[in-house]
Amino acid sequence: QVQLVESGGGLVQAGGSLRLSCAASGRTLRRYAMGWFRQVPGKERDFVAGISWSGGSTYFADSVKGRFTISRDNAKNTVYLQMNSLKSEDTAVYYCAADSNYRLPNPDYWGQGTQVTVSS
């Protein structure tokens with residue numbers, strides 16, 4: 001079993017930056033791809049970014065390409081989402097997830113979510 005705990009969310013002005021972290025416990029993440037999703041009330045949870053277990057492959061939603069980066073530190077069992085040039089439409093609850101595929105089609109584990117609010 002894997003437990004995922006997100007942190008780093010908060011309130012930021014448009015154009016600003018935030019870095020989300022996702023710490024895993026209970027089992028090593030070394031063989032899992034990791035990623036981030038986001039959800040706003042009344043809408044489906046959308047894929048944001050994914051990274052392979054080695055860190056060698058990444059994948060991003062078109063809406064965040066060029067603004068967000070994803071990285072991981074397997075020694076720390078942690079994955080990061082660096083969010084730059086934030087827009088009001090990035091406001092959502094962000095969830096960390098673990099999957100066998102770095103495009104995260106069907107995550108095996110989810111975190112509890114962290115709120116990101118971008119003020120315009």
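Q: What percentage of the 120 residues of the protein counts as buried?
A: This is a predicted model. A residue counts as buried when its relative accessible area is under 20%. Of the 120 residues of the protein, the share that passes is 46%.

Q: Which elements make up the protein, helices or strands, and how many are there?
A: The order from the N terminus is β-β-β-β-β-β-β-β-β-β-β. The helix count is 0. The strand count is 11.

Q: What radius of gyration does the protein have, and what would a compact globule have?
A: The C-alpha trace spans about 40 × 25 × 25 Å along its principal axes. For 120 residues, a compact globule would have a radius of gyration near 14 Å. The protein agrees with that, at 13 Å.

Q: What share of the contacts with a separation of 6 or more comes from residues 24 or more positions apart?
A: A contact here means heavy atoms within 4.5 Å. Among contacts with a separation of 6 or more, the residues 24 or more positions apart account for 56%.

Q: How is the pair of Tyr-32 and Tyr-109 arranged, and how many residues apart are they?
A: The protein has 4 aromatic pairs. In one of them, Tyr-32 and Tyr-109 sit 5.7 Å centre to centre with 75° between the planes. Planes over 60 degrees apart count as edge-to-face, so this pair is edge-to-face. Tyr-32 is in the loop between strand 3 (18–25) and strand 4 (33–39), Tyr-109 is in strand 10 (residues 109–110), and the two are 77 residues apart.

Q: Why does Tyr-32 count as buried, and what is the relative accessibility of Tyr-109?
A: Buried means under 20% relative accessible area. Tyr-32 has 12%, so Tyr-32 is buried. Tyr-109 also counts as buried, at 13%.

Q: Which strands does the pair of Phe-37 and Phe-47 tie together?
A: The two rings are 5.6 Å centre to centre, with 80° between the planes, and form an edge-to-face pair. The partners are 10 residues apart in sequence. Phe-37 lies in strand 4 and Phe-47 in strand 5 (residues 46–51), so the pair ties together strand 4 and strand 5.

Q: Is Phe-37 buried or exposed, and which residues form one aromatic cluster with it?
A: Phe-37 has a relative accessible area of 7%, so it is buried. Its aromatic cluster also holds Phe-47, Tyr-59 and Trp-110.

Q: How far apart are the mean positions of the positive and negative charges?
A: The protein has 13 positive and 9 negative charges. Their mean positions are apart by 6 Å.

Methods. Residues numbered from 1 in each chain as written. Predicted model: local features only at pLDDT ≥ 70, side-chain atom pairs only at ≥ 80, totals over all residues. Heavy atoms only, no water. Helix = DSSP H or I, 4+ residues; strand = E, 2+ residues; numbered from the N terminus. Rg over C-alpha atoms; globule rule 2.2 N^0.38 Å. Buried < 20%, exposed > 50% of the residue type's maximum accessible area, 1.4 Å probe, protein only. Lys, Arg positive; Asp, Glu negative; His and termini not counted. Charge placed at Lys NZ, Arg CZ, Asp CG, Glu CD. Phe/Tyr/Trp six-rings, centres within 6.5 Å; stacked < 30°, edge-to-face > 60°.
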